[in-house]
Amino acid sequence: MALIPIGFIAAVMVFDVLTTDNVHYGVLLVLAPLIAALIGDAWLTAATGLLAVCAQAYLAARLDVLAVQRQEAVQILATTALSTLVVVLTRVRDRREHQLEQVRSVSEAAQRALMRPLPQRQGELHISSFYLAAADQAEIGGDLYTATRTRHGTRVIIGDVRGKGLTAVGESALLIGAFREAADSHTTLPELAAALDLSVSRYLADFVDDYAHAAEHFITALLLNIPNRGHAVQFTSCGHPPPLLIRDGDVQILASPNPSPPLGMHMLGLTDYTQDAAAFEAGDTLLLYTDGVIEARNRAGEFYPLAERVQNWTSQGPEGLLRHLQHDLLQHCGRRLGDDAAAIAIQRPVGSWTSQRGAGTRENQ
């Protein structure tokens, strides 16, 4: 790439030498440092600018015009001034790119620290996930998820902080830490939800001065518990979109008949959390997602039809399902998300320990 501006200078000089004395191409050399700035750093730009000035001086001396007219002299001065300016601007650009790269590295490190990629296996369960931040150059935002094994089973949380982008990272970090600390300490999901609600409410109360309307700040969340034995899944929906259950090629919406309020409503006295249950057999897949997925719009303003699109990938495993979903979602919205989007796919594989144990129990009965 560094040869491009050098080749441009050489080409201008050759044309200028080979053409008649009435036609001069030396003025084009002023473009050389601009070309170098587009493809290289400040050092390449400075070297190209110096080479362009020397080339213009050579052409002017060869034509012996410096003594009779000032046009070539003005061109040399203009090229010198422009090259200096471009070098300064290129230096500023390189410094900002370096700062941006540092910010991106910090963002990626924060994401790995707060939301490590979920392991592909949690006990007998197969899990896959993805996260898409709406903010440009960001790897993390207001959506969150994590999973952990407890004595009660595998517990999962997926949530969405009110707001998006980097401003919501603090509340995301708080809830993830609170969940991992309390997941094994509470027998039921409503108890766990109440404990998380108290943690979020205390956080909002401590930083109430940072919010214009603290009561309007909350976190929607979906809590899951998949027991170590049995063929069921228990879930508590705290104002979060319902999960999808994929079974035998069909897609079902597991809507809660008694949805609970979002987390962070403790200050309003809304702490009545309920628990629902559904069958989760061998071969079934659960798809959890945030509203950034179903509220993604195309150019016509149409929402992303998640359940309809998932119907096309019911034969895929968790990794394949989310790979298709992520690609299709970005195609739908033109790769411009209006909100952070996250999804988790959890599959109980055929031939798992619990399915074999359950089959043996039924045969004995």
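**Strand pairing and helix packing in a predicted model**

Modeller: In this predicted model, strand 1 (residues 121–122) and strand 2 pair in the antiparallel sense over two bridges.

Colleague: What makes strand 1 and strand 2 count as a pair?

Modeller: Two strands pair if there are at least two bridges between them. Strand 1 and strand 2 have two bridges, so they meet the cut-off. In strand 2, His126 is the bridge partner of Arg121. The two strands form a hairpin with two residues between them, and Gly123 in the turn has a positive phi of about 65 degrees.

Colleague: How do you know that strand 2 also pairs with strand 11?

Modeller: The cut-off is again at least two bridges. Phe130 stands opposite Ala343 in strand 11.

Colleague: Why is strand 2 called mostly covered?

Modeller: A residue is buried if its relative accessible area is under 20%. Of the eight residues in strand 2 (residues 125–132), six are buried.

Colleague: Why are helix 1 and helix 2 called roughly antiparallel?

Modeller: Helix 1 (residues 3–18) and helix 2 (residues 32–39) pack at an angle of about 165 degrees, with axes 8 Å apart. Angles over 145 degrees count as roughly antiparallel, and therefore the two helices are described that way. Their crossing is right-handed.

Colleague: Which residues make the contact?

Modeller: Helix 1 contributes Ile4, Pro5, Phe8 and Ile9, and helix 2 contributes Ala32, Ile35, Ala36 and Ile39.

Colleague: How many of the contact residues are nonpolar, polar or charged?

Modeller: Eight are nonpolar, with no polar and no charged residues.

Definitions and conventions. Residues numbered from 1 in each chain as written. Predicted model: local features only at pLDDT ≥ 70, side-chain atom pairs only at ≥ 80, totals over all residues. Heavy atoms only, no water. Axes fitted to C-alpha atoms, helices over the stretch in contact; angles between N-to-C directions. Helix = DSSP H or I, 4+ residues; strand = E, 2+ residues; numbered from the N terminus. Parallel < 35°, antiparallel > 145°, perpendicular 65-115°, else oblique. Left-handed = near helix turned anticlockwise from the far one by under 90°. Contact = heavy atoms within 4.5 Å. Nonpolar A, V, L, I, M, F, W, Y, C, P; charged D, E, K, R; others polar. Buried < 20%, exposed > 50% of the residue type's maximum accessible area, 1.4 Å probe, protein only.
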